[in-house]
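This briefing covers a surface patch, aromatic ring pairs and charges placed over rings. Please keep the structure in view while reading.

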Amino acid sequence: MGKGARPANIGDFMDPALLPDGPVQVAALVGDALDPVAGVETNGIRTYTLWGEMAAQAGLDAYAVVAANDAERTAPGTATIKEAFGRKPAIVIIDEIAKYLRQVTSSGSEDVRRMARAIPVFLGNLFEVASDPTNRVVVIITLAASTNAFGSETDEIDELLEDATNAANAAVSETADLLTRAVQPSAVIKPADDTEIGEILKTRLFEHIDADAARAAGDAYRELYESLAKNETLAGGAERPVTYGDAVARSYPFHPELVRVLDKRLGDIPQFQRARGALKLLAEVVAGIYRDGDDCAVINVADIDYADGPVLNHLTDGLGRGEFAGVARGDFAGPTSHAEAVDDEVFPGKPPYAARVARTVFTHSLEMKVNAGAARNDWLLGTLRPGEDPAILEKALTESEKVFWHLAFDGARWRFNVEPNVNAILETEKRNIANTRVSAVVDDLIMRAYSNDGGVSAIHFPAGPSDVPDQPNLRVAVVHHNVLTTSNQKADLPASMLVEMLDQVGSSGAPRKYRNAAAFVVADETQVEALKDRARALIAADTLAVDRNRLGQFSAEIRKKIEAYQKNAALEARVAVTRCYKHVYYPANEKANGYLRHRDLPPEKQGDTKTATSAVLTLLTDEGKIRTEPFTYSYLRSKTWPEPKSSATTIEIADWFWIDHASPIIRNPSLLREAIVGGIKNDSWVYYDATTGKAYTASTMAGLSVEFRLDAEVMTVAEATGRGLLVRKPTQNDLKSVYVGPSLTGAEIRSRLEPECGGEPSKTEVLDLLATAVQAAEYRWIVVLDGEPASGVRALTPSQIRDKGLDTLRVVTRDYADAQGVEVPTRSVTGKSFAGSGPGGAAIQSIADQVSDFSIKTISRLTIKVTADDIKGTGDLDLLVMALGMLPKHAITVTTDLVAEYRNVTGGLAFRGSAARADFQTAYGHIIKAVKGASKVAGTLTLILAFTPSATVDSPEFKQLHKVVKDLQIQHADLTAEVTK
């Protein structure tokens, strides 16, 4: 163009009217191409100075004017410069002036070093000539930024010379001073400012920019930053959304933040050239976007794809940051990076948030300065797109920190460091852990997760049917992942091993009776390695945490993070167990699937920190397999003793729900009790307790306590009548109601008791009733004779009454006997013991009835004993210990004798001794922890209550005790009461 060429597209770059008509003299001076000692040959002329080279490029006539100045290394004056150009149009371009100044001032030649003082003089004169438009001379000069490789020269240019003895500094300073002093402001044309860089870049890289798309992008980002400003403190221009939206439109398709980062952040790196470097980088980025079909609407910092080899090389090795290439590849650049794993696991099916925000942080980290890295505003502006939530990017960073090897956060900025972080240290430690140790820890984690809980027994790693007991309570069998695994694709069809354990019991293969009492848990084959990895991480963290020598090698920040990692590793390991052992199988009426139904633990339960056993219970409850809602008595009968069956023991009724795999599991006996009581009230059922000999109907329900035993039955009225069960035993109250005296025969009393008892009681029952009345009242109420009353006839003793025939007996009042001269034995009773057994409520009611019927009605001592075994466990013991806290006013001593056995352990643990209430309550907390993990438990627990003074059954103390024992619903208790005067 200087020689007169005019390209056809010149209008794309400038106004053609500004071009001169003829050729233009052009002198391009590049500091690092000049040689002040050997000189440079141009147009057949060897030059040694800036001014000599400028004139030689302008022509022979021009050089002839300044030849003497070049030879003497003396700056030409303004008149000489004007004469050299001959008032013809001229352009002088000076580049790398700082390099030239350093070269001159560091020369070994005194003449050359002296020339350094002449350079500012020459530049000042040249600038003065260019300042006068009539001279038709334009000077273009570039200076380094203060942070560039030659920034020290530029800094010195900005400061006036104070030390005149330093020739080099003087030359540099004077040169800079001239830029501000010698040149008229009106004659200076500034280069492109920050707001124009984007337009320059897009003009160089794109043939055409869609103006409508640019405006739409500006509007979208304006709305984004208006919304963000409500909750975020923005900066960098985005705090003014309207003007920043206009900036987006102007720099489209580049985001202003990308332009800023290239110019202000990467531009401070010496090896990064602001113009050529930015153009080359963006050309590579744009080429990658088109190649990969990326749908990004505006190119931002997060769109610099470091997985692209040329881009990665440009911004690492090309900038002297070669050590960062491995950082990028490992953490976020490429399909096997840590960011890829985070995006797949945390943001499946969504944009790669972790990779994108990592690119932004990485780009800000390349400066390697104190303030390197991305503050919140940096990663928001450089990454966030319209429609995205900042919280997602924040989550991506926090999740990435957990697995990236070089990402760190100091509380203000995220940055990538060359040094490895805690994740990398632990990965190294993990590689040193033996597989056998990992396997042992994994097994322990599984057994801890699937422990006995909520009355459910966990069976760990059964090998076959013989390892799963056939008992009427729920068991969760956890199959070892080395034996059996499954996957989401094939899990619905249970493995034959599971079907066999459901169908059979023992080594003989006998049919399993309690088919509805077993559930199975199987590992997911895709999660086994993840579980092992979490176990390995737990071991590594624990090992590092106790190795003080190793910890001493790390910084305080790294040590703190190792401690935090250790605390979190245990939690993540427990979560990994439930994510791996998530396939649950339970009995169902599904013949095609071996009568087993498959369900996954819900995702929210897979991350639950509670026991996995409780998660299985919740699943079975949610699926309706464990029933928690009441049901009707008609449903109960149709399932457990359907017509024409006329009776069933209560244990048969309870067992039915453990036997029938199509039925729901009933873990709460209260549901069965409520249904049985409903049947008695509304459907003429009869409940018969063989222990007490009592039959309960709708009209005689007082004292009813439904228990599940082989000697407790539910039956129809016809069945009860046929067995004679509706005739209850007569009581002392019955006798008091029918005996009005003064003299009745035994047969007459029996006849009068019939309506009271619902039928005629047996003769033996009446004899026993009379003997008890005599004994309790000590002959003061009635006297029984073997014949008619007369003088000298001796009254029968209680034992004699029981041995006589009822029909020959005569029962008279004491007053009547005395009047007839009957001899009455002298008897004085000072005490007696009474016993009662059965369900807690029934046993204590029996004690109350017996004491009420006795002549001495004050209880001085009461013992309550319950037992534990491997079938019902420690339930009754737990309830009785609970009673201790509900009886604060009683003096209680506790005696226990327990033996616990453990799987694969020869022998067991024994707990024997006695203690006062408070001391035992403290000790029992420790005892029960050891007992809960046992495979078998047997033994007794006894409470000894002393009443001082003795208490009657109507006293507040006994009534409170009666209520507590009844309300706790103890399954079986043995009570003994001692009464004394």
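V138 lies in strand β5 of this predicted model. V138 is partly exposed, with a relative accessible area of 43%; that value falls between the 20% limit for buried and the 50% limit for exposed.

**Nonpolar surface patch**
- V138 is one of the residues in a nonpolar surface patch of about 340 Å², together with V26, I91, I93 and I140.

**Aromatic pairs**
- The structure holds 22 aromatic pairs.
- F206 lies in the loop between α9 (194–205) and α10 (211–228), and F254 in the loop between α11 (241–251) and α12 (256–265), so the pair ties together parts that are 48 residues apart in sequence.
- Are F206 and F254 buried or exposed? Both residues are buried.
- A cluster of rings, linked by ring pairs, consists of Y306, F324, F332, F362, F404 and F416.

**Charges over rings**
- R637 has its charged end over the ring of W641, 4.1 Å from the centre of that ring.
- R627 has its charged end over the ring of Y635, 5.5 Å from the ring centre.

Definitions and conventions
Residues numbered from 1 in each chain as written. Predicted model: local features only at pLDDT ≥ 70, side-chain atom pairs only at ≥ 80, totals over all residues. Heavy atoms only, no water. Patch = residues over 30% accessible without salt bridge, like charges linked within 9 Å, V, L, I, M, F, W, Y side chains within 5 Å. Areas by Shrake-Rupley, 256 points an atom, 1.4 Å probe, with all protein chains shown as cover. Salt bridge = Lys/Arg side-chain N within 4 Å of Asp/Glu carboxyl O. Helix = DSSP H or I, 4+ residues; strand = E, 2+ residues; numbered from the N terminus. Buried < 20%, exposed > 50% of the residue type's maximum accessible area, 1.4 Å probe, protein only. Phe/Tyr/Trp six-rings, centres within 6.5 Å; stacked < 30°, edge-to-face > 60°. Lys NZ or Arg CZ within 6 Å of the ring centre and 35° of its normal.
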